[in-house]
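Keep the sequence and the 3D view open while reading.

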Amino acid sequence: MKTSFAATAIALALGMSSAAFAEPVKVGMITTLSGGGAGLGVDARDGFMLALKLSGTKDIEVVTEDDAMKPELAVQIADKMIQSDKVDVLTGIIWSNLAMAVVPNAVAQGKFYISVNAGPSPLAGAKCDKNYFNVAYQNDNFHEAAGNYAETQGIKKMFILAPNYPAGTDSLNGFKRYYKGELVGEVYTKLGQTDYAAEIAQIRASGAESVFFFLPGGMGIAFMKQYAQSGVGIPVMGPGFSFSQDVLAAIGDAALGAKNTASWSPDLDNPKNKEFVAAFKAEYNRLPSTYAAQAFDTGTLLAAAAAKADVKDADAFRAALAAADFDSVRGKFKFNTNHHPIQDFYVREVIKDGDGVLTNKIIATSFTDHQDAYAAECKF
């Protein structure tokens, strides 16, 4: 699928740079559009494309393909996009195991990779690269915010679980970095698992005061449905992914009141976020998720950088990206030295809005201007 967005006469009148007349930026979007993780990829694609539609700053051509959550397929797609489609920029990957399979090879070939989601710790630290930017977060961050919240709430005993893949490991490491109470269970599940009877039995017997889980997409839906049916009754919390907009309808009222942590929420009070939420609802007839918001910021950043610098001038384009001179739905936004965000993290609660739709509202701030734990290891 290829889509082009032409610069408008209005944008030209506003004074676009000479970079606007350079060759279009060709973007390869590799994301998950089928299987249990499809909702995440669809939201990322839709948020990214909406940003380009609204920006109007430069011709940008997007080639989109489905990775089906398979690392080997993602590698094949990336190779084709680089060798045959001649893309300048890659983006779109949701899952960290796919990112680890694709990103190092892509940046080694001089391509830019701008992440809408996956932020594995090696790419923030020792394996960082000057052409790799993450507009979303470093994997640990949402979980660090949850661990900090659990600690400040005085919860003494926690049961924690996540899938056994890079983001799952990062998630529990992040939670433990700030939570200092007793862990009465720490479990890694299979990636893509849908039956959680054994884990729920462990939770029931653990003596936990609360459960922290990171199970994105269909995994989290399955867990929450089975957990509610089990009647265990121990309160759950998670990162924003566990209660993101893409899964709330499927979870249903069992999610009401659950606390979760994220760098974005639909009720964030800034002009760009209000514009984004309204435009997303108008375009797609649904509320945006965190995945959509992160991808919208990625598309907005890309358009802003492309208006300032020719992507063929790698140094200039890299500097334009690093400057992060764009209006973020998160309000303030800047990159750290490892090209990962320095940003605020919020505690949200699942509620029903005035239309009876399950969504999130901010109830507290967990971190202000938070940096990831790996930036010092990054040496460009």
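Serine 366 counts as buried because its relative accessibility is 14%, under the 20% cut-off. This is a predicted model.

**Serine 366**
- Serine 366 sits in strand β14, which covers residues 358-370.
- Its side chain comes to 2.9 Å from the backbone oxygen of alanine 145.
- Beyond its neighbours within four places in sequence, serine 366 contacts Ala145, Asn148 and Tyr149, and also Phe345, Tyr346 and Val347.

**Alanine 38**
- Alanine 38 belongs to helix α2, residues 38-55.
- Its relative accessibility is 14%, so alanine 38 counts as buried.
- With residues up to four places away in sequence set aside, alanine 38 touches Thr32 and Leu33.
- Threonine 152 is 114 residues from alanine 38 along the chain, and 35 Å separate their C-alpha atoms.

**Nonpolar cores**
- In soluble globular proteins, nonpolar side chains tend to be buried together.
- Here, the largest nonpolar core has 106 residues.
- Phe48, Val89, Phe223, Tyr227, Phe243 and Phe317 touch the most other members of this core.
- Helix α12, residues 290-308, gives the most to this core, with 8 residues.
- Another core lies apart from it and has 14 residues, including Val277, Phe280, Ala292 and Val329.

How values were computed:
Residues numbered from 1 in each chain as written. Predicted model: local features only at pLDDT ≥ 70, side-chain atom pairs only at ≥ 80, totals over all residues. Heavy atoms only, no water. Helix = DSSP H or I, 4+ residues; strand = E, 2+ residues; numbered from the N terminus. Buried < 20%, exposed > 50% of the residue type's maximum accessible area, 1.4 Å probe, protein only. Contact = heavy atoms within 4.5 Å. Polar contact = N/O pair within 3.5 Å; in protein donor to acceptor, adjacent residues only side chain to side chain. Core = buried A, V, L, I, M, F, W, Y, C linked by side-chain atoms within 4.5 Å.
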